[in-house]
Amino acid sequence: MSTVTTPSAISLSSTFLSDDGFKGGLKSIRFSPCKFKESRVSRVGAVVTAKFDLKPPPYPFDALEPHMTKQTFEYHWGKHHRAYVDNLNKQIVGTELDEKPLEEVVRITYNKGDVLPSFNNAAQAWNHQFFWESMKPNGGGKPSGELLAQIEKDFGSFDTFVTEFKSAAATQFGSGWAWLVYKANQLDVGNAVNPKPSEDDKKLVIVKSPNAVNPLVWDYYPLLTIDVWEHAYYLDYQNRRPDYISIFMDKLVSWDAVNARYEAAKAAVAEKEKATA
């Protein structure tokens, strides 16, 4: 039976969704380097401007109603996500970070737990885009194929996985996130890399993280996340976090996206093992 842990980073990238669910297939996902957010530098006269764009949501603002209202989505994406991106751009302009992909900025600024000033905005910008792409209209249900088989192997049953994921999200004290991740390495410590992962290491685990911390700063591959900061659900559910979590799992999860991320994670691990063999 899998247990919920609160470890310490990952590697992953973007998925592309539409109202019909995951689009683009495995080729649209890359784990290293992260391509979900490219940074670029523009010069206007003598002024250098670092620029991360706020990516539009992968579906209309009202597409998740009634489970997540348009008001909540507009507020969450338009205020909070936008602020993280805008503040990050201000923080990294003119620094060594202003030409790096967002995923790399997250890893560098985590600084093995002694976080640098721009970490929170970088990580939250990444987390939110990943969260939007973890959902779809008419989502929920259960996965199929190898992903379902792996969940049943690692958690005993799909129902047990759902129970453990809900518990992790509900018991994350204060603000933070709950994640389903692919754990390829034996060691479960911050920023550790096991050069000889065994078959037993390749498993799915549930982790939770405080504030902006995400599995990019551990050697895990994120597959699914839920935002449990109050701003993610308070307008719709007030203080009923467990209700929000249940609706997320039952009605919003995009298993198409999770499955594609899982396939990409396995491919990335296989490529890494081949390179180090």
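Which residue is the bridge partner of Trp-177 in β7? In β7, that position is taken by Asp-227. The structure is a predicted model, in which local features require pLDDT of at least 70 and side-chain atom pairs count only at pLDDT 80 or more, whereas totals for chains, interfaces and linings use all residues. Residues are numbered from 1 along each chain as its sequence is written, and side-chain values use heavy atoms, with hydrogens and water left out.

The bridge between Trp-177 and Asp-227 belongs to an open sheet of three strands, ordered β6-β5-β7 with antiparallel pairing. Strands (E, at least two residues) and helices (H or I, at least four) are DSSP runs numbered from the N terminus, and two strands are taken to pair if DSSP finds at least two bridges between them. Strands β6 and β7 (220–227) stand at the edges with a single partner strand each, so one side of each has no neighbour in the sheet. From one strand to the next, the twist averages 25°. Strand β5 (residues 176–183) is joined to β6 by eight bridges and to β7 by seven bridges; both pairs run antiparallel. Strands of a sheet pair through backbone hydrogen bonds, either parallel or antiparallel.

Helix α3 (residues 119–132) packs on the sheet and touches β5 and β7; contact means heavy atoms within 4.5 Å. The direction of α3 makes about 80° with that of β7, where axes are lines fitted to C-alpha atoms, for helices over the stretch in contact, and angles run from 0 to 180 degrees between N-to-C directions.

Although β6 (residues 203–210) stands at an edge of the sheet, six of its eight residues are buried, so the strand is largely enclosed by the rest of the structure. Buried denotes under 20% relative accessible area, exposed over 50%, and partly exposed in between (1.4 Å probe, protein chains only). Pro-210, which lies in β6, counts as partly exposed because its relative accessibility is 33%. Beyond residues up to four places away in sequence, Pro-210 touches Gln-172, Ser-175 and Gly-176. Pro-210 and Phe-173 are 37 residues apart in sequence, and their C-alpha atoms are 7.6 Å apart in space.

Helix α5 (residues 158–171) has 14 residues, which at 1.5 Å a residue should span 20 Å, and its end C-alpha atoms are 20 Å apart, in agreement. The expected span is 1.5 Å times one less than the number of residues. The buried residues of α5 include Phe-161, Phe-165 and Ala-168. The buried residues of this helix pack against α4 (145–155), β5, β6, β7, α7 (241–252) and α8 (255–276).

The largest nonpolar core has 72 residues, of which Phe-161, Phe-165, Leu-180, Ile-226, Phe-248 and Trp-255 touch the most other members. Such a core is a set of buried Ala, Val, Leu, Ile, Met, Phe, Trp, Tyr and Cys residues joined through side-chain atoms within 4.5 Å. Helix α3 contributes eight residues, the largest share of this core. With residues up to four places away in sequence not counted, Leu-180 touches residues including Phe-161, Phe-165, Ile-206, Leu-224 and Val-258.

A search of the whole structure finds 20 aromatic pairs. Rings of Phe, Tyr and Trp (its six-membered ring) pair if their centres lie within 6.5 Å; planes under 30 degrees apart count as stacked, over 60 as edge-to-face and the rest as tilted. The rings of Trp-126 and Phe-130 are stacked, because their centres are 5.0 Å apart and their planes lie at 15°. These two residues are both buried, and, being four residues apart in helix α3, they are separated by about one helical turn. Tyr-237 and Tyr-244 form a tilted pair, with 5.9 Å from centre to centre and 50° between the planes; both are buried.

Backbone features also occur in loops. The peptide bond from Glu-65 to Pro-66 is cis, with omega near 5°, and Pro-66 is placed in the loop between β4 (47–51) and α1. Asn-111, in the loop between α2 (102–110) and α3, has a positive phi near 55° and is partly exposed, with a relative accessible area of 34%. Asn-138, in the loop between α3 and α4, has a positive phi near 60° and counts as exposed at 75% relative accessibility.
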